[in-house]
Every structure is written in structure tokens, then in C-alpha cells.
Amino acid sequence: MLINSFKLAFRNIIKRKGYSFLNIAGLTIGMSCCLLIFHYVSYEKSFDKFEPDSKQIVRVRLDSYQKGVLAYKSATSYPAIAPAMKKDFPEVENFCRLHDDNLLLSNEAQNKKFSENKGYFADPSTIDMFGLQFVKGNPQTALNGPDKIILSESTARKYFGNEDALGKTLVNRDGSRVQPFEVAGVYKDFPSNSHLIMNYLVSYATLAQETRLEGDTSNSTETSWGWYDFYVYVQLKKGINYQQLEAKMPAFYDKYLNSRDWAKAGNYREELHLIPLSDIHLYSNYNQEAEVNGNGQAVSFLFLIAIFIICIAWINFINLATARSVERAKEVGVRKVLGALRTTLIRQFLTESFVLNLISLALSSILFFLLLHPFDAFTGRTNYTGVALTSNYWLIFFVLFGAGTILSGLYPAFVLSGFKPVVVLKGAFKNTTSGLLLRKSLIVVQFVTSVVLIAGTIIVYQQVEYMRNQSIGADINNTLVLKGPQTISDSLYQNIYQPFKTEVLHQHGINSIASSNNIPGEEIYWTTEWKRPGDQQSTGVTLYMLGVDYDFIPSYKIAMDAGRNFSQQFSTDKKAVVLNENTVKLLGFKNPADAINQKVIRGGGDTLTVVGVTANFHQLGLQKNIDPMAILLRPNASRYYSLKLSNHDAQQTIASLKTLWSSYFPKDPFDYFFLDESFGEQYKADLLFGKVFGVFAFLAILIACFGLLGLSAYNVLQRTKEIGIRKVLGASVQSILVLLSLDFLKLILISFLFAIPAGWFVMNLWLQDYAYRINIAWWVFAVAGCVALLIAVITISTQAIKAAVANPVKSLRSE
């Protein structure tokens, strides 16, 4: 019986080629899209789950409230937190701390030197907690003691080629200080689906040694409750849920942080929160993140789009199957007269549904694996070597497939098997409206989804373009940035830099050069508290500090709201500061002019004079608010050199700069980048989301059109005699077109009315993640509705025109 059902199913599929093609094409594209989106979502959700104890590891983050107002949320916290948690909480099994820094490492024997910033000073426990897989060295002792470094395999090859790196020496240069590191281990490259990039790790004891050499006598790497530049990870014992420990954290941070007298006096409060390791990539977007993280909301939107796309394909199947009821009514009537039971017919129709879906599944699986690598390249994941889909997402897909196959087959099966043979064989069924309401409702659902997706695509594009094209308050165009030298001591720096600067300015195509500790697009980690003299509270407000030379502000064309820039004409500018607008308001000045020549106190008591106030400018992308900033004069700032270029040949300028660099800074590598490109990297995830969203929105509309094409074809078929009579009576081609299109167009207009509030709600929710965002304009939905309407008209017209120009004699003869 089952074999016979399959034979009949295949026979019907082959017999009705057009119907079968539309269904299989729609289902194949829908399932392929669903699989590709699941692949993308699966990758985003897989971050940090490869670590052996990922479910038990949490990161401790810091919220700071100043004068009762939230000042910042930071991904980093204090080094003293981890040992205190280990002591106070029996739930804590282990901990590790990471502190990032820029190193200039060199293999002196092979004259290979590189500037490194994708590594950390790390506790020895990091190796075990993060599951580093050693290929050389002893993981138990590799980070014990000072001056030890361990390298990833690719980093080891970069410095030592095919030589065994174990036991070799890498030299770190910082100014005049030369620090040799022993390579104590080599580990497999850290997977790309981690929120950390760990190309190397330096022993934590090395950091403690460095702070002592710089005059630290308080063992601050272990005891500090004020140095919040450490990523603190805590491993919980088996069976402990992080929420159990989170509930105990208020008492912990009140004990260690908020009970201090100066914190109470200044209405200064800090909170510590836990975030699971596997949630960091998608749900942690705070200050001082180790890397640019993903967007959990965007990933959830794409997951829902995958569900909608495959549902649109199944809606097509239901619509086409019920629309074919007239064609198959006589078949059902004859089979019932011959003794077929309704259950037999239901089984037959369900088998046809299953076979169509199974063929589509096979084709979509092939298409999925063929498109996998191009899709990874499209989404920027060329180095991902993990599985196509994790088992969870395969399970979700097959549950969807099973449910969709049954539900999409069930309704048509019950409708078709319920026909009464007497009515059908008499021909009274020919103009039935059975299932019409459902078909109309499903078309509305399809086009509501389509209009929302079109509008969403426009809004995503608008937001990204708004961020990319909005003035950031600083001129970053035609800016070539050189990474500054790290091997020159402070005492010799000006003697070398000034002649270098003079020669740079004599180079053809270079208009200016400025030096600084940070550049636009880079997060500032240098912070401290500031207040005005006479402020009764012992604590001030946290400001982000930017160290610059005399040329930085004019070179970047940063507008001055009041006062002046730093000037060599004023020797007192060594004790001066330039603030931005947000800082002026935060410190209580009425306006920028009121702040000029006023005193402000930095940190422990250093008093400076405000000489200027700049207009607010974006240090980071427009996803984030502008932070309060203090700009300090630092003539020796040498981390970056910003060169403003004319429209001269950039490559020729770079070549001449490289020659000049090697003569002044022979021990430092020549590293450069263009600032507009670097700043634009902050929008990379948003651009990617926009591209992915747009592509799948287009495919969703295409699938909806397959269904509309099939429905319009069957509508024409059902009204063949009516069209013939109307043409004989003198109806024009245009009137026939209107007649055949009007019902569908009404449904699309109804869809448009439902899509406006749905689309506005969804996209407004997405925009809430952006500090600076567009307002959703009414015309976006008008354009989306018109596009959907145009696509529908073109789709329907292909069948309507064919019917309208057909010879009425033939249609009436066939009836």
C-alpha cells in the first residue's frame, strides 16, 4: 500500500510539471535560505563553546555610578577581584586574569620584528581554563615565573619559520629597555569563534615585574581595586549556576568597593556583574571589549527571517494545493465511487506532500553545501573551519521540516479528500470557493512579510549610510597613520622626532603630521577622575584622556567652541587641558566660555587650567555615545603619527616614507594604515547584516512570487470560459487584465496596511541599539509597498496577459 502511494505520488508530480516545478523551486530556495541562515546563526552562537569548561566560566564586568549617574559599563575590572572571589565564595573553582598591551617583539637572530597587540599578560591558570592545546612545552609550567612567553603555531612560524621555537628568545623593546622573553611553549592556533584573539601570552609575573620597575611598591597586579584594565574570568565548580553566584555579588561589591569612605562621600558606587563566557560575543557590548563583538538582536532577527522564508515556501504549497482542488476534484470523486476511503485519500495526499518536500530537501541540501564556501566568503568567514551546522540547528531544521511537511500537507489533504462525489461528478463543484478565505489570508501573510523585509532592507541601508557619511566632528579623510616607534627612550625622542617631522613635511604630497596616544576609531583606555576645586565631594567624574601634540587638533580640523588650542608660545600649557562639550556640562560649567581659564583637578591632586573647549567629536563609531574627554598636551606622544595627504600618488608617498622611516627608526617596523578605512571597520558588522538581510529579503519575495504566479495561473484556468465570453462580448485586453489582477492587488494593499505597524515596531526595536540613529520615515513603507505591488503586478501580468490575448474561440471550444 505504501509503495503504491509513492508510485502515485511520483506519477502526479511528473504529470503536473508546472505545478511541481513551482513548488519544488519555492521549497528548495526556502530550505536553502533557511540552512544558510542557520549556518550563519550557528557560527555566531558557537563562540567560546569549544572551551572544555565553557559552561562554568564567567567574566566579571564593572558598572560605575558617579554622583548617582551611570558613568560607564566596562568589560574589564580590577585584578584584586579574582583572588577575593576565590577566598569569599566556595562556588569558585579557579580564576585567571588577562591584561593587554602593545609589544614590539623581535627575533634578533633572524632580524624579524613585528608590533603585536593580539595577546595578553596572563595567569598560568589561563592555559587550563581556556583549553590551550600545547604542541611544544609543558602547559603546567609554561607561564610560571617572569619573562616567559607562549606562542600560537602561526605566531611561532612568523618569528622562527620551520625552526623549533621552544627555548628560543624573543626580545621586547620598550623605549630604551630591552626585555628578553623565553619561548616556553607553542599551542595550536586559537579558534576564530572566540571573543579573544590570543596570538601569544606573556606570564602574569612579567607584568608584576614591570610595575615594580616603574616604581610600584603596592603589588598592584594582585591588590589593586582601582586599576580596571583587566579581563577577569572565574571558573565555577561543577553544578553551580552562575546566577546563584550573581545573587551574592551585591554583598561582595558593597564590602570591597562601596564601603570605602571616599565612595560614600562622593556618592560613588560600583557594581560587579557576571556574564557567561558563551554570551560575551553576542550580548556584551561595553567599554574596553577585547574585540568587536557581534549583535545578538541582529542574529535573532536573521533566525526569525529564516523561519519566515521557509514558512512562505510552505504557504505557497498550501495555496497551490488548495487552488488545484478543481483540477483534482474529479479524480477524488471517481476514486470515492470506486470505494476509496477518506483515510486512504488523506494518506495519498500526505505522501505527495512528503515526496515533494523530500525532493526539495535533497536539492536544498546539495545547494546548501555548494553555496557554503561562497556564503562564508560573502560574510567574511574565510578562515572558519568548523562544522556547517551544529547538531542543535540540524535538529531545529529537521523539526521544522517535519512539522512544515505535515502541516502544509494536512490541510490540502483534508480539503481534497472531503469532496462529495455526487456534487463533483455532476460538475457543480467547478466554481467552488472552498478554501478561498484561507488562501487570501496566507497571501496577506506572505506579502506582509515581504513588505516588512523590503522596508527593513531600506532602513538597515539608511542607518549604515547615515553612520558612514555623518560628520564625526574630526576630519579623517586622506589621513595616513603610522604606528609610532617603540624603541626610542623619552630623553632622546625629541632629538630624533623633530628632524624626522621636518623631513616628512618636505615630502611631496604631505600637508601635515601630528602625533598622539590615540586616534579616532580607537577606544581610549586612559581614564581618571576629574573635579573642580572646592567640590565638596571627594570623588569626581571619570574622563577619557587623549594625549596629543601641538598639531593634532588643527590637523584633524576639530572645531573649538571656546578658547584656543595648545601653543608653544605658552610655556604654561604643560599644565593646561582642553575639554570637550560633554565634559564642560559634566563638570557643571554653564557653557564652554565659562570654563576657559578655570582650574580643574585631575586624579590625586594635579591642577590644570582649561585653555580650550572643543566641539564634541566621535572618538568611536556612531553606535556609541560621545564620552566626556580631556585632551592633554603630550609632545612626546608617539603611539601614532597622523599624516594628512594631498591628492598625490599615495603609494609613491608611502614608499618614500618607508625609506625615511628606516633611516630614523631602524629597529622599529614600518606599519601604516588609512584612517578612514580603519574607522569604517567599526561598521563592518552592520554592513554585513545589511547585505545578508537584503539578500534573503529578495529571496523571500522571489519565493512569494512563485506562489503568486501559480495562483494567478490557476485563477486564469478556472475563469477561462468567463474570459472567452467577455472577449466575445467586446471586453478589451486592459479590462481583462484589471479583472484578473484586481483580487490579488486588493490583498496586497491589505498586506501593506498590516505591514506598516509591524515593520515600524520591528525596525524601531533594532535601531534602539544605536546611540545615533535615523528616524524611520513614512516614505520607506510607501516605497516598500510600491516595490511589492510592482513585483506582484509583473508576476500576475505574465499569466493575465496570456489569457487576455488568447483566442476566445479556443477557450469556449475547450469548455
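Start at the surface. Select Leu 363, Ile 366, Leu 367, Leu 370 and Leu 371: together they form a nonpolar patch with about 430 Å² of accessible area. A patch here takes residues with over 30% relative accessible area and no salt bridge; nonpolar side chains (Val, Leu, Ile, Met, Phe, Trp, Tyr) are joined within 5 Å, like charges within 9 Å. Areas come from the Shrake-Rupley method with a 1.4 Å probe, and for residues only the protein chains shown count as cover.

The model is a predicted one: local features need pLDDT of at least 70, side-chain atom pairs count only at pLDDT 80 or more, and totals for chains, interfaces and linings use all residues. Residues are numbered from 1 along each chain as its sequence is written, and side-chain values use heavy atoms, with hydrogens and water left out.

**Helix α14**

Leu 367 sits in helix α14, residues 342-378. Helices (H or I, at least four residues) and strands (E, at least two) are DSSP runs, numbered from the N terminus. Leu 367 counts as partly exposed because its relative accessibility is 30%. Buried means under 20% relative accessible area, exposed over 50%, and partly exposed in between (1.4 Å probe, protein chains only).

Now move along α14 to Arg 347, which belongs to this helix. Arg 347 is partly exposed, at 33% relative accessible area. The C-alpha atoms of Arg 347 and Leu 410 are 9.4 Å apart, while the two residues are 63 apart in sequence.

**The whole chain**

Zoom out. The protein chain has 28 helices and 24 strands. Of its 815 residues, 53% count as buried. The chain exposes about 35,800 Å², with 58% of that supplied by carbon and sulfur atoms. Among contacts with a separation of 6 or more, 81% join residues 24 or more positions apart. A contact means heavy atoms within 4.5 Å.

Go inside next. Nonpolar side chains in soluble globular proteins tend to be buried together. The largest nonpolar core has 160 residues, and Met 85, Trp 225, Phe 252, Leu 272, Ile 631, Phe 696 and Trp 766 touch the most other members. Helix α24 (residues 684-718) gives this core its largest share, 16 residues. A nonpolar core is a set of buried Ala, Val, Leu, Ile, Met, Phe, Trp, Tyr and Cys residues joined through side-chain atoms within 4.5 Å.

Center on Met 85. Setting aside residues up to four places away in sequence, Met 85 touches Val 60, Val 92, Val 234, Leu 245, Met 249, Phe 252 and Leu 274.

**Helix α3**

Show α3, residues 81-88. Ile 81, Ala 82, Ala 84 and Met 85 are buried in this helix. Look down the axis of α3: the buried residues fall within an arc of 165°, so they line one face of the helix. The arc is taken over the directions from the helix axis to the C-beta atoms. Those buried residues pack against β1, β3 (92-100), β12, α8, α9 (249-258) and β13 (268-276).

**Salt bridges**

Switch to charged side chains. The structure holds 22 salt bridges, each a side-chain nitrogen of Lys or Arg within 4 Å of a carboxyl oxygen of Asp or Glu.

Select Lys 238 and Asp 53, whose side chains meet in a salt bridge at 2.9 Å, N to O. Lys 238 lies in the loop between β12 (231-236) and α8 (242-246), and Asp 53 in the loop between α2 (17-45) and β1 (57-66), so the pair ties together parts that are 185 residues apart in sequence. Lys 238 is exposed, at 64% relative accessibility. Asp 53 is buried, at 16%.

Next, select Arg 564 and Asp 573. Their closest N and O atoms are 2.9 Å apart in a salt bridge. Arg 564 is partly exposed at 25%, and Asp 573 is buried at 1%. Then pick Lys 87, Asp 88 and Lys 255, which salt bridges with shared partners join into one network.

**Last stop: Glu 291**

Where is Glu 291? The loop between α11 (280-283) and α12 (296-323) holds Glu 291. Glu 291 counts as buried because its relative accessibility is 18%. Beyond its neighbours within four places in sequence, Glu 291 is in contact with Lys 118, His 195 and Ile 197.
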